[in-house]
Amino acid sequence: MTTLIAFVVALGLLIAVHEYGHYRMAVACGVKVLRFSVGFGKPLLTWRRKGSPTEFVLGALPLGGYVRMLDEREAPVDAAERHLAFNTQPLRSRALIVAAGPVANLLLAVALYSVVNWTGVDEPQPVIGSPVAGSVAARAGLQGGEWVAQVSVDSEEPTDVRSFEDLRWRLTQAALEQQDLTLWVAREAGASTHAVPLALSELNVTEADASLFQHIGITAPWTPPVVGEVMPDGAAAAAGLQAGDLVRRIDGAPVTDGQRLRALIRGAVGPQGQAVNQPWVVERAGRAMELQVQPKPERQGDAWIGRIGAYIGGAPAMTTVRLGAIDGLVQGVARTWEVSWLSLKMMGRMLIGEASVKNLSGPLTIADYAGKSASLGVTSYLLFLALISVSLGVLNLLPLPVLDGGHLMYYLWEGVTGRPVSEAWLERLQRGGVAILMALMAVALFNDVARLAG
């Protein structure tokens, strides 16, 4: 139920903001708006403000919306109101009205990111866990426990890293743009830093999935190597492990953090799925003790991994990221621009085959993320709304005939040639645009089903 409510609220809000952008700009340009509708199908709620010619409608199907304006191409217009019709407006006004919808979504994203920046959000400190063996981070000499103070791309000036989530975003950007990234790390906050270059350009990645961070090697923030809740029928309980045990060594190897502890447990399986006995040294109530732990083999895909039936790793150290009024707004604008530009580049790379179409997401994935983000709290939900609002704004600016960007493409042609696109060409382009959009939706739905099934 939470997922459904969160999805409907998100969809309704983003559609309402998009259509309101069209509506406000139309009114500002002197166009008569006949109907403002959020949703399609049977009207659930209808009202009209006193003195306003616009009928406001809430439809039964919250899968879109529309703003119906006075237009000679749709119905006869009285001569006395011809100057209020959309089609009689100058080119600049028509372009502004069409562009106002996507722009409204981008402005909403700026507002949401800014609100999160102003109110503050608790995020893990930028301290990295043990890198994945053989990864870019491991080859660069990172060992885990380093505090990342700054990052720089190629020869640019270093910029501060506010949290681990901020670091993940910088890593994602650089990897997808095939740029090398330099981390400026210290053993602790405030200590002197040294540069650690990461050769991310050699990864040649095409999509931002879980495997991306496996290749980079920085998958999680540093956490203490403690045992959490122990299941009564698991290998941990059988070995005598208890919640709160601090793991110091496994089979003679030092355990530096929760990430390293998980890796050692998962790897404690023979090539044919045989159980492997591990001598553990743990610290309990200030006293060291040795236990024999035999992780239970479990099949995962084509490989065997070890499980002990306990939660592994403590909570990471957190920091509150909060910005002032101006800095919060500036960062809101910057994040909206970064996400928009990255989305455009990914779409372009998908178009020429350099990126996988698996990056496309449809309504099922969006609904799933809506529910998950809502369950994590208001801040996570606001960040989710901001991301989807950016995606909706960017998508609608694409030059597809059925989208706002397609209409802007028509107006560009009209501005250059001095004449509008012919009716015959409009019909052909609309049919082609619908076909492309339906194909994209089919791919997105296929990806949704594959993700949820996996």
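Q: Which residues have the most contacts inside the largest nonpolar core?
A: In this predicted model, the residues with the most contacts inside that core are Leu142, Leu167, Leu171, Leu183, Leu198 and Ile218. The core has 49 residues.

Q: Which helix gives the most to this core?
A: Helix 10, residues 378–396, gives the most, with eight residues.

Q: What is Ile218 in contact with, leaving aside neighbours within four places in sequence?
A: Ile218 is in contact with Ile128, Ala137, Leu142, Phe164, Leu171, Leu183, Leu198 and Phe213.

Q: How many residues are in the second, separate core?
A: The second core has 19 residues, including Ile250, Ile265, Leu291 and Ile308. As a general matter, nonpolar side chains in soluble globular proteins tend to be buried together.

Q: Turning to Arg168, where is it found?
A: Arg168 is part of helix 4, which covers residues 164–176. Its relative accessible area is 24%, and Arg168 is thus partly exposed.

Q: What does Arg168 touch, not counting residues up to four places away in sequence?
A: Arg168 touches Phe213 and Thr219.

Q: And how many Å apart are Arg168 and Ile218, C-alpha to C-alpha?
A: The C-alpha atoms of Arg168 and Ile218 are 8.3 Å apart in space, while the two residues are 50 residues apart in sequence.

Q: New topic: how many salt bridges are there?
A: The count comes to 13 salt bridges. One of them joins Asp71 to Arg73, with the closest N and O atoms 2.7 Å apart.

Q: Is Asp71 buried or exposed?
A: Asp71 is buried, at a relative accessible area of 8%.

Q: Which residue forms a salt bridge with Arg82?
A: Arg82 forms a salt bridge with Glu72, and the closest N and O atoms are 2.8 Å apart. Both residues lie in the loop between strand 2 (55–69) and helix 2 (91–119), so the pair ties together parts that are ten residues apart in sequence. Arg82 is partly exposed, with a relative accessible area of 43%, and Glu72 is also partly exposed, with 31%.

Q: What about Glu338, which residue does it pair with in a salt bridge?
A: Glu338 pairs with Arg335, with 3.5 Å between the closest N and O atoms. Both lie in helix 8 (residues 325–351), three residues apart, which is about one turn of the helix. Glu338 is partly exposed at 27% relative accessible area, and Arg335 counts as partly exposed at 23%.

Q: On to the sheet: in what order do the four strands of the open sheet come?
A: The order is 10-9-11-12, and the pairing is antiparallel.

Q: Which strands stand at the edges?
A: Strand 10 (253–254) and strand 12 (287–293) stand at the edges. Each has a single partner strand, so one side of each is left without a neighbour in the sheet.

Q: How many bridges join strand 11 to strand 12?
A: Seven bridges join strand 11 (residues 278–284) to strand 12, and the two run antiparallel. Glu283 stands opposite Ala288, which is in strand 12.

Q: Last item, where is confidence lowest and where is it highest?
A: Confidence is lowest in helix 9 (residues 363–376), at a mean pLDDT of 63, and highest in helix 2, at 94.

Q: And what is the mean pLDDT of the protein?
A: The mean pLDDT is 85, and 90% of the residues reach 70 or more.

Definitions and conventions. Residues are numbered from 1 along each chain as its sequence is written. This is a predicted model: local features need pLDDT of at least 70, side-chain atom pairs count only at pLDDT 80 or more; totals for chains, interfaces and linings use all residues. Side-chain values use heavy atoms; hydrogens and water are left out. A salt bridge is a side-chain nitrogen of Lys or Arg within 4 Å of a carboxyl oxygen of Asp or Glu. Buried means under 20% relative accessible area, exposed over 50%, partly exposed in between (1.4 Å probe, protein chains only). A nonpolar core is a set of buried Ala, Val, Leu, Ile, Met, Phe, Trp, Tyr and Cys residues joined through side-chain atoms within 4.5 Å. Contact means heavy atoms within 4.5 Å. pLDDT is the predictor's confidence in each residue, from 0 to 100. Two strands pair if DSSP finds at least two bridges between them.
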